[in-house]
Amino acid sequence: MTPPEPAPTPPPGFVLHKKRLRFLGLTVEDCIKAFFGGNAIMSIVVLALITYFLFREGAGFFGQNRQNLEVYRQAGLEYVDYLRQQTDDHTALTRYLSDVRLRALNHYAEERKLSFEDASTALAPFDEFAGKFGDAVEPLRGLVSELSDVATAIKTKFIVNEDKKEERRQLLAENKAAEAAQVAITPVDFATELKPLLGTLPAYKDANREFAAQLTTLVSRVPALPTPDLQQRMARWQQLARDYLATFPTVERNLEQWDYRQPVPAWKSFSSFVFGRQWLTASFWQDWYGILPLFVGSLLVSLVALTLAVPLGVGAAIYVNQIASTREQKIIKPCIEFISAFPSVVLGFFGIAVLGQALRLLSQQEWLAWIPGFPYSERLNILTAGCLLALIAVPTIFTLAEDALNNVPTALKEASFALGASRLQTTLKIIVPASLSGIISAVLLGLGRVIGETMVVLLCAGNRIAIPDFGRGLAVITEPVHTMTGIIAQEMGEVVRGSIHYRALFVVGLVLFILSLLINYLAQGIVRRYRISIG
Amino acid sequence: MESPSTASPTDRDKAANSSVRMGTASLPAGTDPSAPRSPASRTLIDIEHLDFFYGQTQALNDISLKIQDHKVTAFIGPSGCGKSTLLRCFNRMNDLIDGTRVPRGTIKIHGVDIYQPDVDVIELRKRVGMVFQKSNPFPKSIYENITYGLRLHGKTEKSKLDEIVEKSLRGAALWDEVKDRLHANGLGLSGGQQQRLCIARAIAVEPEVILMDEPCSALDPVATAKIEELIQELRSRFSIVIVTHNMQQAARVSDRTAFFYLGRLIEYADTRDIFTNPANPQTEAYVSGRFG
């Protein structure tokens, strides 16, 4: 047995253990790690907070909206709106008649060179007819305005009552029971309140019968007009008027069956938001929170923007990547990327001051009259906003599409050339298809950029809250719209915190958030697939 | 760039004329240092005093050599010796790189100088096919990969295309492996199959020459053996120029071998002579593995 070898001692200078600087028990590395980790966690926390806040503020909307719809029914506003719809439809027909009159007048003045007086004389039978048609609705209109007052009164009473209830609740919360007892609350008895409203039904039926009879005789005796085109328009009007008359029984039935006690189903508060065609706030009559006009507005503006930005961005990317010389690349790339350096409010300002004006002027050129919607007079509309948004989307689309084209292996390009393909053939048949998913995701991210853009649309889209008239075909792009982003920016500053309007804006924000999330998710999914396919 | 349909007829005429002329006047043996010892074969590519520059860097220096019809010619040499550059001159692939130029010398194929300004590069590349170092099938189906070149040149008749696809795949010894999945993506094949697909794609347009730029360097030995076998089969139909780092490969597949070093042609002779009896000491040092 040999004695055990003594434990080895390291030679001097052979030092392996860490020399640690400690501060509050933490090493320098720990601090650095904590700093970077903290930054990462921070962004996650902020994202979570924003999402939570959006959902919390938005969630209350649907309950409040349901209440809003209930009051609409209980106070009889719904009832009056049935009637109002009838008079509104009549007004539309009257407007159609005045349009026909204007055309006829133009015809007399331009084709037949009649003086204004002579033309008016020639139109006298028509005017008489239109006058009769217009006057026929007067009794009905009187009824509507009378009933409107009644319904508004009921609603006001109810709201005052609700306010008092709230006041009492607050007083009770502050332990002021005595003062709370002093707040007088007289519950609204809708049945009694609605009596005068519902009592007018027989009178309405009489008036309506008379009205229908008058219209029927009028419609069958349409005055003659000078041109076939106008005659045709009149025939169309006749058809519309007959359709209108056919709705009368439905209106009466609706009025008869109407019952203020009918409950408003919960889904109504959701569907009236998602499919609601009206966004009407701070109205003396009834507030409506329908996202549809805003959504359609955002969508149309984005579509116009993309239609312009996709060819520009992708085309420029193809040019820079495939065709341009190195020197051209060095000029073009920074230029396009520089566009994104413009603050969007400056672009919006430019849109109002220059582009809107210029486009309108252009639209009024005679040689451009063939373009749908031209000429137009609204300076701020979908087209103006779309053009500017295109400018914002171009750098995004260009940069990402260029990256996608760049990612196509040179080997593929060479293989194509070696088979005798021209540069154009190689670009179109190999490079663009190989990078297509990358280009599509570039376009989607451009869409995300555009749909979230606020300042430009707020300044340049015209801010009319209405679904544009799709019956005009492509000309729809010359109409003003309002957008989801625009409405939030415009109204958020003025609403009462916690009110239904405030919450409605949050829900709009939520819709935007989900939309952007969806677009980004889609784009990333496509990019991931594209990476695999090139392998 | 000119479209393939408008290729100048004069080019073709010239090519036809010169091939006739060269057919009758084959070079007398012994007058040319690079002339074959074996029974006379026609010259297909004739390179004379070629210089080549990448910007300021000279990559090829006074290269003169004649490549023969229906033979396999191998280019060997250490990395950076210019063999790939020379290969890529034959179908003018170097045109795609900025700053390249050929200040001196000519490359004639069938007697036509391919660096003349009136030469249609597209027509040239149709006749001079190429297979690359790394297999590069298009991210399309096998069928589309092969018909790509044909469609470019205006052939779209379905039955004709089907026929050529089968013929090319058989020619590339790939038909039996892929005949049931012609419409599957070409990228789904193995590395060796992809390379054979690239060869099939090149022979589909019926070129006269196939240039192969280290076609086996990314393949395993089994796939390499298959490609080499394929080259042996293709030599009856095409002239082949192959660049390789693998000297055994050059010895196995080629008829003639050219050894390059630092942009110069050092020796060009029958493969057997290069490997058994090199005339130049540098060649001998390289083939015996003492440098490179």
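# Reading the labels

Visitor: What makes strand β8 (residues 239–243) of chain B a partner of β7(B)?

Guide: The bridges do: 5 of them join β7(B) to β8(B), and these strands run parallel. Two strands pair if DSSP finds at least two bridges between them, so the label holds. B:D213 stands opposite B:V243 in β8(B). One caution before we go on: this is a predicted model, where local features need pLDDT of at least 70 and side-chain atom pairs count only at pLDDT 80 or more, while totals for chains, interfaces and linings use all residues. As for names, residues are numbered from 1 along each chain as its sequence is written, and chains are lettered from A and ligands numbered from 1 in the order in which they are written.

Visitor: Why is strand β7 (residues 209–213) of chain B called largely enclosed?

Guide: Because 5 of its 5 residues are buried. A residue is buried if 20 or more other C-beta atoms lie within 10 Å of its own, exposed if 12 or fewer, and partly exposed in between, with C-beta atoms placed from the backbone. B:V209, B:L211 and B:D213 point one way, B:I210 and B:M212 the other, and all are buried.

Visitor: Which residues does B:R88 touch?

Guide: Leaving out residues up to four places away in sequence, B:R88 touches B:M93 and B:N94. Contact means that the C-beta atoms, placed from the backbone, lie within 7 Å.

Visitor: Why do you call β2 (57–68) and β5 (112–113) of chain B edge strands?

Guide: The open sheet has 4 strands in the order β2-β1-β4-β5 of chain B, with antiparallel pairing. β2(B) and β5(B) each have a single partner strand, so one side of each is left without a neighbour in the sheet. In that sheet, β1 (residues 43–54) and β4 (residues 100–109) of chain B pair over 7 bridges, with B:F53 opposite B:R101.

Visitor: Why do you say the buried residues of α11(A) line one face?

Guide: In α11 (residues 266–274) of chain A, the buried residues are A:S269, A:S272 and A:F273. Seen down the axis of α11(A), they fall within an arc of 100°, so they line one face; the arc is that of the directions from the helix axis to the C-beta atoms. Turned away from that side are A:W267 and A:S271, both exposed.

Visitor: How do you know how chain A compares with a compact globule?

Guide: Chain A has a radius of gyration of 34 Å, whereas a compact globule of 535 residues would be near 24 Å. The radius is taken over C-alpha atoms, and the globule rule is 2.2 Å times the number of residues to the power 0.38. The C-alpha trace spans about 130 × 85 × 45 Å along its principal axes, and 30% of the residues count as buried.

Visitor: What makes up the side of chain A that touches chain B?

Guide: 19 residues of chain A are in contact with 24 of chain B. α16(A) gives the largest share of chain A's side, 6 residues. By class, chain A's side has 11 nonpolar, 6 polar and 2 charged residues. Ala, Val, Leu, Ile, Met, Phe, Trp, Tyr, Cys and Pro count as nonpolar, Asp, Glu, Lys and Arg as charged, and the others, Gly among them, as polar.

Key:
Contact = placed C-beta atoms within 7 Å. Helix = DSSP H or I, 4+ residues; strand = E, 2+ residues; numbered from the N terminus.
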